[in-house]
Amino acid sequence: MSARTTRPCFSEPGPGHIGRAGFTLLEVMIAVGIIAIALVTLLGAQSQSVSIAAAARFDTTAALLAQGKMAELCVQGFEGVGDGEGDFGEDYPGFTWKAEVRELTVDETGLDGLAGMLKAVDLVVRSREDEERACALRTFLVKDFQAPP
């Protein structure tokens, strides 16, 4: 039997040998590409969630402001309510409102004998920054009448 020397699989490279430890350029480029795709996806999701949160904040605030303004208009009563527009002052500088009041006709209601007895109050609250964003409410007022004695 002859003595045979075997080289271990993971030997230290000798002088003049190039080491094979580490990653190839291709492996590094693939890893960077995967990380880039993941980051773009995460940033897109973050951007979308910020946009959704801003829309929800507007919807909530505008609905509450519209309810309050509609209550103010309805307190004025059938005879006192009228068209108007304005803002919500320093507390809510990014919001404006516009109210339109009109008497309903028999053609609109289908009810004979109620001419001059019903008014529709339409209120729209808008964002100053984005005119497309709006919250609209409609209510109806009935004229107080007294039954004949």
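Q: Before we look at Val 121, what does contact mean here?
A: Contact means that heavy atoms lie within 4.5 Å. Please keep in mind that this is a predicted model.

Q: Understood. Which residues does Val 121 touch, leaving out those up to four places away in sequence?
A: Val 121 touches Met 70, Leu 73, Val 81, Glu 100, Val 101, Leu 137, Arg 138, Thr 139 and Leu 141.

Q: What joins β3 to β4?
A: A hairpin does so, through 6 residues.

Q: What about β2 and β3, in which sense do they pair?
A: Strand β2, residues 92-103, pairs with β3 in the antiparallel sense, over 9 bridges. Within this part of the structure, Lys 119 in β3 has Glu 103 opposite.

Q: Changing topic: how many residues of β3 are buried?
A: Of the 10 residues in β3 (118-127), 8 are buried, and the strand is mostly covered.

Q: Which residues have the most contacts inside the largest nonpolar core?
A: They are Phe 95, Val 121, Leu 123 and Val 125, in a core of 18 residues.

Q: Which elements each supply at least two residues of that core?
A: Those elements are α1 (25-75), β2, β3 and β4.

Q: And which gives the most?
A: The helix α1 gives the most to this core, with 6 residues.

Key. Residues are numbered from 1 along each chain as its sequence is written. This is a predicted model: local features need pLDDT of at least 70, side-chain atom pairs count only at pLDDT 80 or more; totals for chains, interfaces and linings use all residues. Side-chain values use heavy atoms; hydrogens and water are left out. Buried means under 20% relative accessible area, exposed over 50%, partly exposed in between (1.4 Å probe, protein chains only). Helices (H or I, at least four residues) and strands (E, at least two) are DSSP runs, numbered from the N terminus. Two strands pair if DSSP finds at least two bridges between them. A nonpolar core is a set of buried Ala, Val, Leu, Ile, Met, Phe, Trp, Tyr and Cys residues joined through side-chain atoms within 4.5 Å.
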